[in-house]
Amino acid sequence: MTADCLFCRIARKEIPATIVAESEFCLAFRDIKAQAPVHVLVVPREHVGSLNELKDRAILGHMFSLAAQVVHAEGMSERGYRAVINTNDDGGQTVFHLHLHVLGGRRMSWPPG
Ligand code: AMP
Ligand code: ZN
């Protein structure tokens, strides 16, 4: 937990967000600048700067488990969706608290930009 980290502050409910699912370990909320009809971020409650800083790999299981709930709730499982973790500069990471993007509701292109 860090005082000035945006996603820690959202997790502590100090900054408003549209929360769509929660678990003991993680929180899922809508991305403020949605890139698809459904764009949800899944974050661990515990502060982890990026995938590179992750020590407890069980956190990934908790994140994907909550993502699966969101996918189900948003009705995306059959048509499909994309789950992405951007890391550092080349990966396009802009918020340095680990997060899983869950995007769906439209056809995704490949390769990503
Ligand atoms: P990344 O670029 O992978 O680090 O993703 C960070 C994401 O956080 C971007 O898609 C932003 O639109 C999103 N974001 C930034 N600030 C907020 C906020 N206050 N609430 C929800 N999403 C946010
Ligand atoms: Zn944080």
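This tour moves through a predicted model, one selection at a time.

**The zinc site**

Begin by selecting the zinc ion (ligand 2). Its coordinating atoms are SG of Cys-5, SG of Cys-8, ND1 of His-47 and ND1 of His-97, at 2.0 to 2.3 Å. The angles among these four donor atoms run from 106 to 116°, and the site is tetrahedral. Along the sequence, the donor residues follow the spacing C-x2-C-x38-H-x49-H. Cys-5 and His-97 connect distant parts of the chain, as they are 92 residues apart. Cys-5 belongs to the segment before helix H1 (6–11), whereas His-97 lies in the loop between helix H3 (88–91) and E5.

Cys-5 and His-97 are both buried. Cys-5 counts as buried because its relative accessibility is 9%, under the 20% cut-off. Cys-8 counts as buried as well, with a relative accessibility of 1%. How many disulfides does a search of the whole structure find? The search finds zero.

**The aromatic pair**

Now select Phe-7 and Phe-29. A search of the whole structure finds one aromatic pair, formed by the rings of these two residues. The ring centres are 5.3 Å apart and the planes stand at 75°, so the pair is edge-to-face.

**The largest nonpolar core**

The largest nonpolar core has 18 residues; the members that touch the most other members are Ala-28, Val-40, Val-42, Met-63, Leu-66, Leu-100 and Val-102. Which elements give two or more residues to this core? They are strand E2 (26–30), strand E3 (38–44), helix H2 (58–73) and strand E5 (100–104). H2 makes the greatest contribution to this core, with six residues.

Select Leu-66 and show its neighbours. Leaving aside residues up to four places away in sequence, Leu-66 touches Ala-21, Glu-22, Ser-23, Cys-26, Leu-27, Ala-28 and Val-42.

**Backbone features**

The last stops concern the backbone. Most residues other than glycine have a negative phi, and most peptide bonds are trans.

- Select Lys-13, in the loop between H1 and strand E1 (19–22). Its phi is near 65°, a positive value in a residue other than glycine. Lys-13 has a relative accessible area of 49% and is therefore partly exposed.
- Select Asn-88, which is in helix H3. Asn-88 also has a positive phi, near 55°, and is a residue other than glycine. Its relative accessible area is 34%, so Asn-88 is partly exposed.
- Finally, select Trp-110 and Pro-111. The peptide bond that joins them is cis, with omega about 5°. Pro-111 lies in the segment after E5.

Key: Residues numbered from 1 in each chain as written. Chains lettered and ligands numbered in written order. Predicted model: local features only at pLDDT ≥ 70, side-chain atom pairs only at ≥ 80, totals over all residues. Heavy atoms only, no water. Core = buried A, V, L, I, M, F, W, Y, C linked by side-chain atoms within 4.5 Å. Buried < 20%, exposed > 50% of the residue type's maximum accessible area, 1.4 Å probe, protein only. Helix = DSSP H or I, 4+ residues; strand = E, 2+ residues; numbered from the N terminus. Contact = heavy atoms within 4.5 Å. Donors = N, O, S within 2.8 Å, 3.2 Å for Na, K, Ca; no water. Tetrahedral: all angles 85-135°; square planar, octahedral: opposite > 155°, others 65-115°. Disulfide = S-S within 2.5 Å. Phe/Tyr/Trp six-rings, centres within 6.5 Å; stacked < 30°, edge-to-face > 60°.
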